[in-house]
Amino acid sequence: MSNIETGIGKMTPATTRRKRLSQNQVAWIGLIVLLVLLPTSATPFHLDIASQIFIAGIGALALMVLTGIAGQISLGHSGLMAAGAFTTGILYKEAGAGIWITLPASVVAGAVIGLIFGLPSLRLRGIYLAMSTLALHFLVIYLGGEYEFASGASTGIFLDPPVVFGFEIYDGYAWYYVLLALVAGTYWGCRNLLNSKTGRAWEALHANETAAEALGVQVANYKLLAFVITSGIASFSGALFAYYQNFVSVEAFTLFLSIQYIAMIIIGGMGSLPGALLGAVFVTLVPYFVEWLMEAVPYIGLDITTVSSASYAAFGLLMILFLVFEPSGLTGIWKRLVGQFASPSKREDTP
Amino acid sequence: MKIIQFAKSLVLSATVAAGPALAADDEVVIGVSAALSGSAAGTYAAPAEGLKLYLHLLNEAGGVNGKTVSLVIYDDQGDASRAASNAKRFLTQDDVQMIISVSTSATFAPIISQATRGKVPVLFAGSVCPAETMPPAKPLLYCSTGFSAVHDSIAMVDYLRDRESSDATVGFSAMGIPISRAGMEEAERLVLKADMKSAGVEIAPPGTADYTSFATKLIQNGADSVLSWAPWAVQIRFVDALRKQGWKGNAYVGHLAEAELEMMKMKDPNLFTLGTNVMLFEDSEATQTLVNAVKESGSNLHPESILDGWVGGIVVEGVLEQLGEDTSAEAINAVMSNIEIDTKGLRGGPIKWTDDNHFRETIYYRAYRWSDEKSAMEIARDWKAYEVE
Amino acid sequence: MQILANIVVLTSLYALVACGYVLVYKVSRVLNLAHGELMILGAYLLVATSAGIASDPLVAIALTAMFSIVVGLSVYLLLMRKMTGQPVLAAVLTTVALGILLRGAMVLIWGPQQLNVGAMISFDNASIALTDSVRVSTAALWLVVCTFLVYLGLLAFLHMSRWGMRMRASGQNALLAAQRGINLHTVYALAWTLSTFSGSLAGVLVTLDSRIDVNMAVIGLKAFPAALVGGLDSLPGALIGAGVIAALEVLLIHYVNPLLSDVVPFLVLIAILIVRPWGLYGTKEELNRV
């Protein structure tokens with residue numbers, strides 16, 4: 001294993017690493033303080049958007065680890081979220097289960113599905129693998145739909161707000177802090193995972209499977225592990241989504257949702273965990289931005305249908321512009337900005 | 001730089017969009033969540049326009065008893081998550097006194113869930129009527145839409161029994177969404193109860209592009225006539241698929257917004273629609289008002305397609321007429337839970353809601369068809385009243 | 001027998017759509033996920049030409065064919081050309097974004113309502129009796145004929161013409177082909193044009209057979225397993241894949257549960273891909289390049 005660490009792990013001279021770490025730490029602490037204080041000046045609408053971003057962030061982190069780090073493309077993300085939401089919804093409806101049962105059960109359900117649908121990855125790659133994960137999506141949606149119909153829940157399954165330690169989470173502020181803690185926890189967990197042996201093995205098999213195999217990485221095991229862990233997280237975010245929105249319905253988990261998650265990791269910047277979060281922010285905000293733009297631009301005699309379809313088209317256009325002009329994603333832009341700010345100070349440091 | 005500007009505008013957008021909408025004292029704020037884009041827009045965008053148009057004209061005429069309506073319209077694309085977001089926005093940011101849904105059944109769960117929490121009445125106007133509005137009705141949920149899966153099925157089977165021989169075999173076609181499946185399975189149950197035979201219920205998954213094979217199955221099962229209740233695009237493509245295979249039986253479909261125009265093009269005398277709305281080929285004062293309003297608005301929408309939203313506007317007007325000084329959500333709900341609204345000749349009778357029934361006490365159905373002799377649309381059977389239990 | 005006829009018609013539709021995926025993938029390794037939208041755009045172009053320019057059905061269809069070529073060419077020149085050299089995933093996502101853009105734009109221009117395009121160009125989609133018990137519509141018959149001709153034409157073009165040879169060479173090894181003086185941009189543009197043209201043809205015929213609305217783009221997704229089962233870079237493979245998927249769909253609807261017709265093709269796809277990861281007729285070595 002040690003070969004991998006020296007051979008493939010990203011090595012930085014120890015001194016600069018320590019220094020950068022401290023800079024980073026300052027930035028992180030600042031960000032956390034900002035996020036904790038943000039609700040004091042936010043409207044409920046802001047809080048709702050923030051909560052949506054946090055849920056999307058958890059899902060995007062999972063997909064980033066699977067696709068951006070371990071190199072396994074998946075179009076089944078929306079299906080996995082549906083699996084988590086339905087596990088929660090069914091357990092709640094049929095057995096009245098509380099959050100301490102539903103959430104772990106959703107994670108387990110996601111992990112099991114991830115294991116099953118990870119198996120083709122041992123044979124398939126790239127686009128072909130992506131297509132086989134599509135089957136996962138259609139299967140989960142089909143089963144969920146059958147359950148909804150059989151249980152007579154023609155308008156979906158309703159969920160009451162979760163109760164944690166006798167405290168009901170319904171209020172926008174409560175959700176904000178709960179989800180903030182969860183997304184931070186997920187981020188921290190993923191980061192530790194990437195810095196571990198597992199993370200390095202994933203990077204190795206992403207870079208070159210054959211070489212990784214030769215270096216002693218058990219490719220099959222690590223691939224499946226990637227599917228199991230990330231599917232568990234995705235399923236978890238689906239369960240959170242169900243609790244947050246107070247309902248479960250197959251119609252909330254479209255193929256378009258999977259595409260939006262892929263858009264998040266691409267726009268955020270492939271292979272970067274902060275990128276996944278930035279991507280989640282961006283993709284969640286775009287529709288609101290377009291809506292605002294359409295309202296701000298004066299238009300005469302346009303009916304509402306026109307405005308809405310224009311906004312839909314604009315979403316596509318924005319994505320295209322990003323892909324064409326900023327292929328390295330938001331992380332790339334961020335690094336460039338930091339580089340611009342940092343360069344003068346560097347000049348002072350070095351004679 | 002471009003990106004920085006973009007980021008700035010994003011922040012700006014959040015602040016601008018979030019400014020609280022302050023309602024004037026004499027203004028009732030109504031939130032509308034509608035499928036204005038996305039795959040269901042073909043069905044729901046037009047009724048949403050109709051609602052907007054009616055209330056716009058109402059405001060221009062000075063409102064009702066000095067009260068005007070302020071509409072906050074958000075697109076939900078027929079998508080549940082967006083509808084949930086819209087509902088939260090209505091309640092926390094826009095402080096609406098009423099929510100109107102003109103969208104797919106997928107959006108009902110979040111809307112109902114949020115509105116019940118916030119104790120704001122919901123009017124389904126253009127959306128299919130959810131079971132929650134029918135007896136025993138849940139509080140806060142009302143429906144004025146002209147179609148409902150189960151009641152349309154009852155009326156369709158009843159009419160079919162008038163026309164077909166008593167030993168006919170009937171086929172059914174539904175779309176793979178719960179509400180359409182439930183309607184057609186109810187219809188099959190009624191047909192079997194009447195000692196007629198069933199050729200089976202064909203359920204096409206949403207997004208089916210080719211209905212040929214579904215039609216083949218019903219034809220091979222010996223269907224003499226076919227019932228269909230689904231979004232118009234699905235119903236009519238199914239009928240197309242039957243006809244393409246030379247099937248000549250009677251087809252009965254729900255009367256939805258697009259029906260009149262499409263039937264005039266299809267000129268199929270064996271195609272019947274059952275529904276609660278009038279068709280506009282009959283010149284009455286009510287239909288004239290509607291057609292002129294659409295013309296004058298400069299919109300290129302077909303007047304037929306906005307009718308259910310227009311009726312929703314009439315309902316809002318009726319509620320405002322009864323509303324006193326107090327315009328809170330609670331007061332509006334109190335008015336809605338016991339009211340009779342004149343549908344001004346656009347339906348067979350009034351919409352009457354009671355504590356237990358937020359759908360209709362009596363529902364009136366009419367059948368339409370294309371007549372080859374007149375070379376025009378005709379009424380195949382005039383209004384027939386059905387009690388809602 | 002009617003079932004067999006249904007399978008043949010559906011096979012033709014999926015094959016005609018799938019060959020669009022194959023053409024672009026074969027030369028540039030990009031999966032065009034906007035193909036369904038481009039296909040429906042072709043049909044809407046017919047609506048536009050018949051309403052605005054030509055009232056004669058044949059002239060309208062000919063003009064539509066020309067416009068669809070222009071569309072294909074512009075998609076490549078204005079957009080996909082910029083994505084050459086980028087990671088494949090980014091290029092694929094660009095086509096997804098293009099699909100979203102096109103969907104919005106089409107609703108913007110032609111409205112969300114379903115249109116009866118056959119009635120617009122006064123095309124009578126009569127039912128034709130092949131035997132006593134087997135009937136197909138006129139448009140469906142045209143679809144079968146056109147698919148046959150398109151495949152014949154494409155195979156002849158790829159294997160007999162100079163540019164066809166160049167396309168195949170670029171697909172096998174882009175670098176080598178470029179070194180031998182093949183202009184890759186021309187080859188890619190050609191692939192996009194042919195793909196959009198065949199897609200538009202499918203769009204026009206399928207909407208003449210029923211109605212047109214933006215949601216018909218879903219056919220693109222349905223034809224997708226067809227292209228994959230056969231192998232994404234093989235034209236005969238696409239034809240056979242289309243046959244497999246169409247037969248599965250029709251038989252499931254008829255004998256099992258129609259609601260499974262969305263799921264099972266993808267499960268069969270997985271099964272086939274696990275046995276042959278490159279599809280039935282795809283090139284094996286390309287795996288390492290994806």
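The side chains of Arg117(B) and Glu168(A) meet in a salt bridge, with 3.4 Å from N to O. Because Arg117(B) lies in helix H4 (residues 108–118) of chain B and Glu168(A) in strand S3 (residues 167–168) of chain A, the pair joins two chains. Arg117(B) counts as partly exposed, at 35% relative accessibility, and Glu168(A) is likewise partly exposed, with a relative accessible area of 38%. This pair, like everything described below, belongs to a predicted model.

**Salt bridges within chain B**

Side chains of opposite charge can pair when their charged atoms come close. The side chains of Arg189(B) and Glu186(B) meet in one of them, at 3.0 Å from N to O. Being 3 residues apart in helix H6 (residues 178–193) of chain B, these two residues are separated by about one helical turn. An α-helix has 3.6 residues a turn, so residues three or four places apart point the same way. Arg189(B) is partly exposed, with a relative accessible area of 45%, whereas Glu186(B), at 19% relative accessibility, counts as buried.

A further salt bridge brings together the side chains of Arg369(B) and Glu378(B), with 3.9 Å from N to O. Here Arg369(B) counts as buried at 17% relative accessibility, and Glu378(B) is buried as well, with a relative accessible area of 14%. Salt bridges that share partners also join Asp158(B), Asp162(B), Arg381(B) and Lys384(B) into one network.

| Residue | Partner | N to O distance |
|---|---|---|
| Arg117(B) | Glu168(A) | 3.4 Å |
| Arg189(B) | Glu186(B) | 3.0 Å |
| Arg369(B) | Glu378(B) | 3.9 Å |
| Arg211(C) | Asp240(B) | 2.9 Å |

**Helix H3 of chain B**

How far apart should the ends of helix H3 of chain B be? At 1.5 Å a residue, the 15 residues of this helix (residues 80–94) should span 21 Å, and the end C-alpha atoms are 20 Å apart, which agrees. At the N-terminal end, H3(B) is capped by Asp79(B), a side-chain oxygen of which lies 3.3 Å from the backbone nitrogen of Ser81(B). After the helix comes Asp95(B), whose phi is positive, near 50°.

H3(B) is mostly covered, since 12 of its 15 residues are buried; among them are Ala80(B), Ser85(B), Arg89(B), Phe90(B) and Asp94(B). Lys88(B), which has its place in this helix, counts as buried because its relative accessibility is 12%. Leaving aside neighbours within four places in sequence, Lys88(B) is in contact with Asp48(A), Tyr244(A) and Gln245(A), and also with Gln93(B) and Gln114(B).

**Where chain A meets chain B**

The size of an interface is often given as the accessible area lost when the parts come together. Chain A and chain B bury about 4,000 Å² between them, and 62% of it is on carbon and sulfur atoms. The contact takes 42 residues from chain A and 49 residues from chain B. Across this interface there are 3 salt bridges, and the count of residue pairs in polar contact is 7. On the side of chain A that touches chain B, the elements giving two or more residues include helix H3 (44–69), helix H6 (126–150) and helix H10 (219–245) of chain A. The residues of that side divide into 22 nonpolar, 12 polar and 8 charged.

**Where chain B meets chain C**

How many residues of each chain take part in the contact of chain B with chain C? From chain B there are 33 residues, in contact with 30 residues of chain C. The two chains bury about 2,700 Å² between them, of which 53% is on carbon and sulfur atoms. In chain B, Ser213(B), Arg237(B) and Lys244(B) lose the most area to chain C, together 23% of what that side buries.

Between chain B and chain C the count is 4 salt bridges, and there are 10 residue pairs in polar contact. The elements that give two or more residues to the side of chain B that touches chain C are helix H2 (41–60), strand S7 (197–204), helix H7 (212–220), helix H8 (232–244) and helix H9 (259–266) of chain B. H8(B) gives the most to that side, with 7 residues. By class, the side of chain B that touches chain C has 12 nonpolar, 11 polar and 10 charged residues.

Terms used: Residues numbered from 1 in each chain as written. Chains lettered and ligands numbered in written order. Predicted model: local features only at pLDDT ≥ 70, side-chain atom pairs only at ≥ 80, totals over all residues. Heavy atoms only, no water. Helix = DSSP H or I, 4+ residues; strand = E, 2+ residues; numbered from the N terminus. Expected span 1.5 Å × (residues − 1). Buried < 20%, exposed > 50% of the residue type's maximum accessible area, 1.4 Å probe, protein only. Polar contact = N/O pair within 3.5 Å; in protein donor to acceptor, adjacent residues only side chain to side chain. Contact = heavy atoms within 4.5 Å. Buried area = accessible area lost by both parts, 1.4 Å probe. Nonpolar A, V, L, I, M, F, W, Y, C, P; charged D, E, K, R; others polar.
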